Amino acid sequence: MKKESDITIIRKLFALFAKRNKNLIYACLLTDVVESLRPYVVLILSGILIDGFIDGKALHTLLLYTLIGVLVAFVFQFLSAALRKYLNARIENCMERQNQDLNTASLNIDYEYLEDPALQEKKRKQEQVINARGGIYWNLIWPLDRGFGGVISVLTSMIISFPLFFGNKDFQYSIIASPWMGLLLFLLIATTIWGIYASDQYSSKKGHECFEEFNQIKKAHSYIIGNILANSESGKDLRIFGQSKLIMHTLHENDKEAAVCLKKERNYYIQSEILNRFLSNFCLGCVYLYVALNAYAGFISIGNVVLYASSIVKCIDGVSEVLLGISGFKRVAQYGRDYLDYIDFSDRKYKGTLPVEKRRDNRFLIEFDNVSFCYPGTKDYVLRNLSLKLDIGERFAIVGKNGSGKTTFIKLLCRLYDPTDGEIKLNGIDITKYNYDEYLNLFSAVFQDYQMLALKVGENIAASDEVDHDKVYDALNRAGLEERFLETDDNVYIGKEYDESGVNFSGGEKQKMAIARAIYKDAPFVIMDEPTAALDPESECEVYAGFNKMVGNKTALYISHRLASCRFCQDILVFDNGQVIQRGSHEELIEQDGLYQKLWNAQAQYYT
Ligand code: ADP
């Protein structure tokens, strides 16, 4: 894919920002106009006053000039303070806004991209930019603020100082009045500006390299803070194996390396700042000299000395601000590219438009037609030439060794991924043509690595803040939690992360809640991926015994390592190396000299 230019990235970032913050952009531009014009107004009025004084104007005229000057200065001061206050208050929300955008994107990204390490890296970088740089939007607004203010200053200065360079001059003081002198000064100013720009570019490039290095170093830090310290599960291992010293040492070393990087980055900016100041001060000295000589020669009035000198100074400052703004935009384009990529990741997949027929009789027939699949970014086929039908209302068991493709088969069925080759059909139509959300509504699943949120039990079961409590209790009862919820109500929080009064339910209880959530959804297909792994033998028996009642007339797919748990399923699919190598009832398969019989015999010795 062609890399977009920095300008396109900036334009897109502004478009995104303007969607909710148009007023902030206008306020920023207006603030710049007022703040940039303010010093000129004061300078012009002071010049008039000084000239009036020298020309011996009457006292009341001078007082009038003073009064007008003070009033105008006050209005400008008031306006710029009010605008700046408004701007600062709004800009503080920018970081929050970026967090919201990132969270919305994370929730909406298609599952297949969610596992992509490159995408995770993009997200991690954004978090670093928020933590260390104030976020994308802040980095977008400040260059606009500085750059546009600079443009106004440069234009105003050029208009004001025009007569100094090109006004009518008497040629008797040839060297000062010569247009070559003006040209020389102009060249000096241009060279200074170029020098400032080049040093700024260099420090910006080097600074960005340091920041990238800092980002890489902080990767280990984020892993420790996010995955180890924030996760109570790892607390057990940490304590038993006495790993805290190792963790603290790793964090400390990481912080040290990161600090070196930031110091290096700061040094580049400081060096560039020193060079820039030297260049601009030298240039300023020359400007003052030129203006003073012009005043001495009588080309300009004393009142205008300050005006011209300050205008040229402001012009140089303005150009530096514009350059600073440009390099600020360049920098934000670098982070912004990843940011836009990340938030654009949702909605990449074709979501289909066809409505899924609502059928009370649950007559949904699924068919895999020569389906093969390899995970994005890999070349090895995990499923190969799979052709099978899932008949309506039946109980299917999916068995096979680890890594044989059982979970991948389920992920394809639920359209978490699309097949690399072949088609999956629902009632004869390719599933990609159906409306994605409606299609997902056909499935209820309990995955091995199910997640319960630290919210209320009822909200978890209903997967919503609108909870039908009777339905929640019915699902909890059917999942075998009847006794547990005789005294506890479904408004209790799971765990204490969100609410201190929460209950730390056991692994088995949480797994039953995950089953209850699947029951509550009441979808035509029920998928259970090792649903009893965390249950004690008695609870496991309960789940099997109640399975038919739980599932009713729905089609159920059941993945398990324990073949004994699958015996109640009419249809057993044996997966091996991404293919279904055997299919039939337990009685049929046990008779065949194949993998099923081998697995069964291997497990049977533990049962007898
Ligand atoms: P099973 O459920 O039978 O244990 P899986 O379907 O989980 O097997 O995995 C099948 C194969 O796909 C394994 O070789 C596994 O390493 C690979 N695999 C699973 N998930 C991913 C993934 N996200 N990216 C790449 N390969 C994967």
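These legends describe close-up views of a pocket and of a ligand site in a predicted model. Residues are numbered from 1 along each chain as its sequence is written, and side-chain values use heavy atoms, without hydrogens and water. Local features need pLDDT of at least 70 and side-chain atom pairs count only at pLDDT 80 or more, whereas totals for chains, interfaces and linings use all residues.

View 1. A pocket is an open set of points on a 1 Å grid over the protein atoms alone, where a 1.4 Å probe fits, with protein on both sides within 12 Å along at least five of seven lines; lining residues have an atom within 4 Å of a point. Of the 17 lining residues, R146, E273, N276, S320 and L324 lie nearest the centre.

**View 2. Helices around the second largest pocket.** Helix 5 (135–166), helix 7 (179–229), helix 9 (244–296) and helix 10 (302–343) each supply at least two lining residues. Helix 9 gives the largest share, 7 residues. Helices are DSSP runs (H or I, at least four residues), numbered from the N terminus.

View 3. The residues surrounding the ligand (a heavy atom within 4 Å) include E115, Y375, G403 and T408. In polar contacts (pairs of N or O atoms within 3.5 Å), a backbone N or O atom of G403 lies 2.8 Å from a ligand oxygen atom. A polar side-chain atom of T408 lies 2.5 Å from an oxygen atom of the ligand.

How values were computed:
A polar contact is a pair of N or O atoms within 3.5 Å; within protein, one must be able to donate a hydrogen and the other to accept it, and residues adjacent in sequence count only if both atoms are side-chain atoms.
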